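Student: I have a model open and want to go through its side-chain contacts. Can we start with the charged ones?

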Amino acid sequence: IGVYKNVIEDFPEEVWAYYGLAIAFSSNHQPEAAIQSINEAIRLNPQVVAYHTLAGQVFEQAGNPQQALDAYKKALELDPNNGWAKDAVQRLSSSNP
């Protein structure tokens, strides 16, 4: 986590660092911090499917199924063949009528 924070401090436009930081926070069961980081990655480059997919995962981890569903749907808009996002949308849609 510290390495990513150092990169961001020195190079705040390095979008990959926010993505890596979000993964690290998520792995450490810190979903709120992960959400902040992935939202910044999305702000900097909203066209990357992986960022929206990770956002869906961390929103689920944080207990926000509607926001997770929205993130996965955005991933599918960008890549209609994304199997992970398709499965997640189907799963969340069936549990969130």
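Tutor: Glu 77 is exposed, at 57% relative accessible area. Bear in mind that this is a predicted model.

Student: What does Glu 77 form a salt bridge with?

Tutor: With Lys 74, at 3.5 Å from N to O. Both residues belong to helix α5, three residues apart, which is about one turn of the helix.

Student: Is Lys 74 buried, exposed or partly exposed?

Tutor: Lys 74 is partly exposed, with 29% relative accessibility.

Student: How many salt bridges does the count come to?

Tutor: Three salt bridges. One of them joins Arg 43 to Glu 40, with the closest N and O atoms 2.6 Å apart. Those two sit in helix α3, three residues apart, so about one helical turn separates them. Arg 43 is exposed, at 54% relative accessible area.

Student: And what does Glu 60 pair with?

Tutor: Glu 60 forms a salt bridge with Arg 91, and the closest N and O atoms are 2.6 Å apart. This pair links distant parts of the chain, since Glu 60 is in helix α4 and Arg 91 in helix α6, 31 residues apart. Glu 60 is partly exposed at 26% relative accessible area, and Arg 91 is partly exposed at 41%.

Student: Switching to rings. How many aromatic pairs are there?

Tutor: The structure has two aromatic pairs. Tyr 4 is in helix α1 and Trp 16 in helix α2, so the pair ties together parts 12 residues apart in sequence. Tyr 4 is partly exposed at 26% relative accessible area, as is Trp 16 at 44%.

Student: Why is the pair of Tyr 19 and Tyr 51 called tilted?

Tutor: Because their planes are at 40 degrees, with the ring centres 5.1 Å apart; planes under 30 degrees apart would count as stacked and over 60 as edge-to-face. Tyr 19 lies in helix α2 and Tyr 51 in helix α4, 32 residues apart, so this pair too links distant parts of the chain.

Student: Are those two tyrosines buried or partly exposed?

Tutor: Tyr 19 is partly exposed at 26% relative accessible area, while Tyr 51 is buried at 8%.

Student: What is Tyr 51 in contact with, leaving aside neighbours within four places in sequence?

Tutor: Val 15, Trp 16, Tyr 19, Ile 38, Ala 41, Ile 42 and Asn 45. Tyr 51 is also among the residues with the most contacts inside the largest nonpolar core, which has 29 residues. Others in that group include Ile 38, Ala 41 and Phe 59.

Student: Which helices supply at least two residues of this core?

Tutor: α1, α2, α3, α4, α5 and α6 each do.

Student: Back to Val 15. Where is it, and is it buried or exposed?

Tutor: Val 15 is in helix α2 and is buried, with 17% relative accessible area. Not counting residues up to four places away in sequence, Val 15 touches Ala 41, Leu 44, Asn 45 and Tyr 51.

Student: What do the buried residues of α2 pack against?

Tutor: They pack against α1, α3 and α4. Among these buried residues are Ala 17, Leu 21 and Phe 25.

Student: How far does α2 reach from its first C-alpha to its last?

Tutor: It reaches 19 Å over 13 residues, close to the 18 Å expected at 1.5 Å a residue. After α2 comes His 29, which has a positive phi near 60 degrees.

How values were computed
Residues numbered from 1 in each chain as written. Predicted model: local features only at pLDDT ≥ 70, side-chain atom pairs only at ≥ 80, totals over all residues. Heavy atoms only, no water. Core = buried A, V, L, I, M, F, W, Y, C linked by side-chain atoms within 4.5 Å. Buried < 20%, exposed > 50% of the residue type's maximum accessible area, 1.4 Å probe, protein only. Helix = DSSP H or I, 4+ residues; strand = E, 2+ residues; numbered from the N terminus. Contact = heavy atoms within 4.5 Å. Salt bridge = Lys/Arg side-chain N within 4 Å of Asp/Glu carboxyl O. Expected span 1.5 Å × (residues − 1). Phe/Tyr/Trp six-rings, centres within 6.5 Å; stacked < 30°, edge-to-face > 60°.
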